[in-house]
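Visitor: I have a structure to go through with you. Can you put it up?
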Amino acid sequence: MRVPLLDLSDQYRALESPIRAQLDEILANQQFILGPKGAAFEEAIRAYCGSPNAIGVSSGTDALLAILMALEIGPGDAVITSSYSFFATAGCIARVGATPILIDIDPETCNISPSALERYLNESCRRGEDGFLREPQGKILRAIVPVHLYGLCCDMDAIQRIAERFELEVIEDAAQAIGAEYPFGGASAKAGAMGEVGYFSFYPTKNLGAAGDAGMVICQDDALAERLRACRQHGMERRYYHNFIGGNFRLDEMQAAILGVKLPFLDGWSAARRGVADVYREEFQRLGLTNQLSLPPEPYRDRGLTNHHIYHQYVIRTSQRDALREHLARKEIGSAIYYPLGLHQQKCFAYLGYHDGDFPETERAARETLALPIYPELSREAQRYVAESIAEFF
Ligand SMILES: *Cc1c(COP(=O)(O)O)cnc(C)c1O
């Protein structure tokens, strides 16, 4: 039996006619950029996330780039993020000329460790006479980018408390976590809507995927939203008058329209993904595999939230990861490693001066994590085959 890591064909078949109708309408009207579809989708995301502002952009990467540019973060500044994330998170910080500061992960969730973050700020950083908080090289600490990896929110109560104490902006990387909830201050809050500003990616393989690249920023502050709207058009507020430098970070109408068709189904898909995770757990328990494998944690499961996890990825851990992956490939089962290196181990970041061993939990995760097939339509039969193939390996 062939079980791909992800298969989007059933989803497309179910939505083919409304998607095609949207595209026909746009082709008939010939309005491709910043039109009614983009505005309607921004409004839908705003309502869905309970955030005062939503700004459509061209990708998740461009969302973070635009946010950093709009906040005037650049040379001389430092921005903290997790050492275990997709490259874009740290790449954008470096691209605006700021210094990425990496913090190790919590071994349970693979999200940034609040205690490691607090220790770094307490022990390595100093507030100078000028009132700025500086890291050891003298760069001014401006913001934290917590990444809600695999669709599970970071410990945002702890992160917000630390951010407030050290006066840092919180920019949530919710690229993998649209709709995920966190018991924030005892109430339910959505990923991206807890910090000053947050962003989503609609890369085709994300839980809400476009037919190409697309992204969205959500933010609390209206003035920042206005600045982001200008930023996505080269910093242009009035036509051809540029008060600051932005870029072309616009969301196009076709992507917005397709995403608008899909958004009403997102919570149902996330529920189906949780169902897949439940089946994996049952199967692994039935086959007695829970000593060999660590299963994904669900720290917010019993906190009265619906989307306590949206399972963008279903990631297990085992010390025999590479051999298991080869075995699964022989069984025609897709799997993936997110990610094989910590960000501090990427060649392009050698100039940051980090070394192997600096972030032990990140490095262990990079050796042990394995993503298994997960998507809403994945059949129980396919899951049983995956679980039995893993049992056969062990
Ligand atoms: C996908 C992703 C991004 C970047 O989004 P793109 O739309 O691909 O540019 C950023 N951060 C994380 C954690 C991601 O998974």
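Guide: First, a term: axes are lines fitted to C-alpha atoms, for helices over the stretch in contact, and angles run from 0 to 180 degrees between N-to-C directions. Helices (H or I, at least four residues) and strands (E, at least two) are DSSP runs, numbered from the N terminus. This is a predicted model, in which local features need pLDDT of at least 70, side-chain atom pairs count only at pLDDT 80 or more, and totals for chains, interfaces and linings use all residues. Residues are numbered from 1 along each chain as its sequence is written, and side-chain values use heavy atoms, with hydrogens and water left out.

Visitor: OK. At what angle do H3 and H4 pack?
Guide: About 35°, with the axes of H3 (residues 60–70) and H4 (residues 87–95) 9 Å apart.

Visitor: Which residues meet there, H3 to H4?
Guide: Thr61, Leu64, Leu65 and Leu68 of H3 meet Ala88, Thr89, Cys92, Ile93 and Arg95 of H4; contact means heavy atoms within 4.5 Å. That contact has 6 nonpolar residues, 2 polar and 1 charged. Ala, Val, Leu, Ile, Met, Phe, Trp, Tyr, Cys and Pro count as nonpolar, Asp, Glu, Lys and Arg as charged, and the others, Gly among them, as polar.

Visitor: What does threonine 61 do with its polar side-chain atom?
Guide: That atom lies 2.5 Å from an oxygen atom of the ligand, a polar contact being a pair of N or O atoms within 3.5 Å. Aspartate 173 has a polar side-chain atom 2.8 Å from a ligand nitrogen atom. For lysine 206, a side-chain N or O atom is 3.1 Å from an oxygen atom of the ligand.

Visitor: Switching to the backbone: where is the cis peptide bond?
Guide: Between tyrosine 338 and tyrosine 339, with omega about 10°. Tyrosine 339 is in the loop between H10 (321–330) and H11 (360–368).

Visitor: And what is phi of cysteine 110?
Guide: Near 65°, a positive value in a residue other than glycine. Cysteine 110 is in the loop between strand S3 (99–103) and helix H5 (114–124). Most residues other than glycine have a negative phi, and most peptide bonds are trans.

Technical notes:
A polar contact is a pair of N or O atoms within 3.5 Å; within protein, one must be able to donate a hydrogen and the other to accept it, and residues adjacent in sequence count only if both atoms are side-chain atoms.
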